[in-house]
Amino acid sequence: MTIRHNKLYLGGISAETLVRKFGSPLYVYEENALRAQYRKLARSITYPYTRIFYACKANTNPEIMKLFGHLGARATPKASARRAGIEAVSVGEVKIARRAGFPVKDIIFTCDNLTPEEIKYLIRHKIAVSADSLGQLEKFGRLNPGGKISLRVNQGIGAGMHSHIITGGRDSKFGIYKTQLDEARRLAARYRLRITGLMQHIGSGVLDEKIYLRAMHALLTVAHKFPDLEFINLGGGIGIPYRPEHKPLDLKSTGAKISEEFRGFIKAYGRELKLYLEPGRFLVAESGILLATVAEIKKTPAHTFVGLNTGMQHLIRPAIYGAYHEIVNASRMRGPKKKVEVVGNICESSDFLARGREITLPREGEILATLNAGAYGYSMSSNYNSHPRPAEVMARAGRARIIRKRERI
Ligand code: LLP
């Protein structure tokens, strides 16, 4: 992202040009940002048998998934580093990953409340699954006795930037609770299942290194009870700075600590294991920008509402998590600022992108850019109020290409 002649440029093209060419509203991804985030993470962990599985729920655009697949092979200098895999949570995501060129051995899976049909699909395609509950473990055992399985563990530790996205702890519906692990081992033995992996995911948007490391330590402590392990999966959850006051994780330092802790564990365990990470947000959030056109400016006695031709149907995070997204006037980056309410075109009062935000006061027809929208933006969008979804565009070095067509009514 750069500013030239007081206008916002994405991947070397002005936001206004992008909208003129591809229409509005529009999701734009900066390819260089996607590459940079992947490399930063891959390089931060020096333990050589580390592998990144992109949690594609953050953004299932196949072109973005393919990009990570290609990058994986080259991002780390280590010979053992293979291409990135995909972490999937539904049969739909598995199918998208396969269409994007990922072989089933590069796809890992976890999800709660699976139906027998879904379980059979996963077994038939030999997808590596982390069982989310004792019941699920038993179902896999019955349908695939003697097979391999990993366990999703809930250590009682949760973290995240909003209560809705904390996935560990006593009140979470996810994982096999730490006190149920002996029972899990007995169940696995009954069906001759080999427990070859342990995974956990404590929550999303974590910017606190300490809790991440504490959860890792807890997982490695129980791992000693499982003699057949091939991998440990630390989950996703790495946050990004959404607010100006947010501090990004010092990945170099966190990565070094993770590597050191893991090396210590391996020594005691007695055998090399693979270390998996499954980040979503960290890889894609900052690359994505939602461009929209100011349709109307409405003044009431109390407020100035800047009304866009998009809204919660295309970016629901502010409405459901009160999430903060930086918003700039892409048509006039600098100018007199005013506190405004940035709202969408949906018939709901929760339909806002920012409340009481200081931005360069826009005029009708100007373009506003909502930043950090690459994760859980398009993938959580809907057709609510019968609005078609925007197009998605990948931009790099002054060139832009459509990676998903705009929907039509
Ligand atoms: N692995 C598992 C098992 C997960 O449930 C998730 C996210 C991830 C990995 C990736 O987490 P990440 O690295 O992106 O934090 N819609 C919310 C986020 C929900 C995350 C759900 N699980 C949001 O917009 O903030």
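A polar contact is taken here as a pair of N or O atoms within 3.5 Å; within protein, one atom must be able to donate a hydrogen and the other to accept it, and residues adjacent in sequence count only if both atoms are side-chain atoms. The structure is a predicted model, in which local features need pLDDT of at least 70 and side-chain atom pairs count only at pLDDT 80 or more, while totals for chains, interfaces and linings use all residues. Residues are numbered from 1 along each chain as its sequence is written, and side-chain values use heavy atoms, with hydrogens and water left out.

The side chain of E366 makes a polar contact with the side chain of N329, at 3.0 Å. A polar atom of the E366 side chain also lies 2.9 Å from the backbone nitrogen of R363. E366 sits in the loop between β18 (352–360) and β19 (367–370); helices (H or I, at least four residues) and strands (E, at least two) are DSSP runs, numbered from the N terminus. With 10% relative accessibility, E366 counts as buried, the classes being buried under 20% relative accessible area, exposed over 50% and partly exposed in between (1.4 Å probe, protein chains only). Leaving aside residues up to four places away in sequence, E366 touches A292, T293, V294, N329, S331, R332 and L361, where contact means heavy atoms within 4.5 Å.

Turning to the helices, the axes of α8 (residues 209–223) and α9 (residues 251–269) come within 11 Å and cross at roughly 10 degrees. Axes are lines fitted to C-alpha atoms, for helices over the stretch in contact, and angles run from 0 to 180 degrees between N-to-C directions. The two helices α8 and α9 are therefore roughly parallel to each other, a label for angles under 35 degrees. Residues of α8, including Y212, L213 and M216, meet residues of α9, among them I258, F262 and F265.

In helix α5 (residues 116–124), the buried residues are I119, Y121, L122 and I123. They pack against α4 (91–99), β7 (107–110), β8 (128–131) and α6 (134–143). After α5 comes K126, with a positive phi near 55 degrees.

Finally, the ligand is surrounded by 19 residues, the closest being S204, E278, R281, R317 and Y376, counting residues with a heavy atom within 4 Å. A nitrogen atom of the ligand lies 2.6 Å from a polar side-chain atom of E278. On the oxygen side, a ligand oxygen atom is 2.8 Å from a polar backbone atom of G280, and a ligand oxygen atom is 2.6 Å from an N or O atom in the side chain of Y376.

Methods:
Angles under 35 degrees count as roughly parallel, over 145 as roughly antiparallel, 65 to 115 as roughly perpendicular and the rest as oblique.
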